[in-house]
Amino acid sequence: MVKTLNFSSADVNVYFKSLDEALDEILEDGYSKVLAVTHYILLEIYDLKNTFKRRNIDIVVLPEGEKTKSLSKFIELSKIFFEHSLDRYSHVIVLGGGVLGDLCGFLCSVYMRGISFSLVPTTLLSMVDSSIGGKNGIDLDFGKNLLGSFYHPKNIVIDLNFLKSLPEREISSGMAEIIKYAILDDSFILDEIKKERPDIGRLVELSIDIKSRYVKEDEREKTGKRALLNLGHTLGHAIEARTLYSRFTHGEAISIGSCFAAFFSYCLGYANIELYKEIKSLFCKYNLPTSYPTDLDVDSIEQYVLKDKKNISSKIRFVIMKDFSDVFIYTTDFPQIKNCLLKWIEYEKN
């Protein structure tokens, strides 16, 4: 199946099929040169060397991990693009998770003023989140995603075979973003999540539908609609940064952040405690953490909460909820967040 997402700046083809099948269709566009960028471990597990070799596609291998989203790797990969004679009519195929997609997407958006690329997300998290929406970027020494662009891939290939080798913890991490979509849009996705054996393919497809709908309404983050996708991310990003991106997966941090968002909504009088309990149970079902790591001093996360990208003029813009499918941006400050965090920690002790 191929689905086309129509954004105002570009159309994106989403292939729900194997990489082998999708590649043959993608290459029908007749590019001057095609280059694949991926990680070494993926080459080994999925025999990608033969997949690309028989199509005369050169492969570039980059290391895994957040450090790959650096300015030095950006420059290094730019040189590789040049040495492989990529021109404006060339195409890049990116196989990996969100880090590789962010780096390569950003480079493709500016190399020779923009060349086309395809994303092949290989983690559940990148299938349902980072591959959709056209946001790319790299980190600088003094901040995350400080250089970036809005630039959609031409194609996205959803090949569920890549999930077969993914550790359970990474599957749970992806489920955290899927549960977030269920909170934002109480539709079939919530029913699927609650099943004893949910259909992952169905969840991926539904998640892509929900995220693309939010992006279409606010592609460049001007109206605030797209900011709602950051539910759970204010505290989640702060915890990730405070723990140097090494203790929690992104999904685990978002799970904690989303549970706090539900409790914060209860503290503010917008939601009842039963909503908090129901949301917490959804994350628990997928073995995700649902409480604040009490060894982290609450004051120590303030600087990271204040740096959240949604903030405007030092005002913290927090996504809270009244119910499923009823979320909004609430403007607050750190003392109010800290007060509720301390209440939440006490509540969970009892």
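This is a predicted model: local features need pLDDT of at least 70, side-chain atom pairs count only at pLDDT 80 or more; totals for chains, interfaces and linings use all residues.
A residue counts as buried when its relative accessible area is under 20%. Ser118 has a relative accessible area of 1%, so it is buried.

Ser118 sits in strand β6, which covers residues 116-121. Its side chain has polar partners. One is the side chain of His91, at 2.7 Å. Another is the side chain of Asn155, where the polar contact is 2.9 Å. Setting aside neighbours within four places in sequence, Ser118 is in contact with Ile26, His91, Val92, Ile93, Val94 and Asn155.

Ser207 belongs to helix α9, residues 200-217. Is Ser207 buried or exposed? Its relative accessible area is 0%, and therefore it is buried. Where does its side chain find a polar atom? The backbone oxygen of Leu203 lies 2.8 Å from a polar atom of the Ser207 side chain. Not counting residues up to four places away in sequence, Ser207 touches Val128, Ile178, Tyr181 and Ile189.

Helix α9 also takes part in a salt bridge. Lys3 pairs with Glu205, and their closest N and O atoms are 3.5 Å apart. Lys3 lies in strand β1 (residues 2-6) and Glu205 in helix α9, so this pair ties together parts that are 202 residues apart in sequence. The structure holds 26 salt bridges.

Other salt bridges stay within one helix. Take Glu76 and Lys73, whose closest N and O atoms are 3.3 Å apart. They are three residues apart in helix α4, so about one helical turn separates them. How do the two partners differ in exposure? Glu76 has a relative accessible area of 36%, and so it is partly exposed. Lys73 stands at 19%, so it counts as buried. The cut-off for buried is under 20%.

Helix α7, residues 168-184, holds another such pair. Lys180 and Glu177 both lie in it, three residues apart, about one turn of the helix. Their salt bridge has its closest N and O atoms 2.8 Å apart. Lys180 has a relative accessible area of 1%, so it is buried. Glu177 is at 0%, and therefore it counts as buried as well. Salt bridges can also share partners. Asp20, Asp24, Arg54 and Arg55 are joined in this way into one network.

Leu71, Ile75 and Leu147 make a nonpolar surface patch of about 250 Å². Leu147 comes from strand β8, residues 143-150. Its relative accessible area is 33%, so Leu147 is partly exposed. At 77% relative accessible area, Lys67 is exposed, because exposed means over 50%. Lys67 and Lys164 are 97 residues apart in sequence. From C-alpha to C-alpha, they are 25 Å apart in space.

Most residues other than glycine have a negative phi. Asp47 is not a glycine, yet its phi is positive, about 55°. It falls in the loop between α2 (40-46) and α3 (48-53). Its relative accessible area is 42%, so Asp47 is partly exposed. Met112 also has a positive phi, near 50°. It is placed in the loop between α5 (98-110) and β6. At 35% relative accessibility, Met112 counts as partly exposed. Strand β6 is also where Ser118 lies.

How many disulfides does a search of the whole structure find? It finds zero. Cys259 is in no disulfide, and the nearest cysteine sulfur, that of Cys284, is 6.9 Å away. A disulfide requires the sulfur atoms to be within 2.5 Å. Cys259 has a relative accessible area of 0%, so it is buried. Cys340 is at 3% relative accessibility, and therefore it counts as buried too.

Technical notes
Residues are numbered from 1 along each chain as its sequence is written. Side-chain values use heavy atoms; hydrogens and water are left out. Helices (H or I, at least four residues) and strands (E, at least two) are DSSP runs, numbered from the N terminus. Buried means under 20% relative accessible area, exposed over 50%, partly exposed in between (1.4 Å probe, protein chains only). A polar contact is a pair of N or O atoms within 3.5 Å; within protein, one must be able to donate a hydrogen and the other to accept it, and residues adjacent in sequence count only if both atoms are side-chain atoms. Contact means heavy atoms within 4.5 Å. Patches are made of residues with over 30% relative accessible area and no salt bridge: like charges are joined within 9 Å, nonpolar side chains (Val, Leu, Ile, Met, Phe, Trp, Tyr) within 5 Å. Accessible areas come from the Shrake-Rupley method with a 1.4 Å probe; for residues, only the protein chains shown count as cover. A salt bridge is a side-chain nitrogen of Lys or Arg within 4 Å of a carboxyl oxygen of Asp or Glu.
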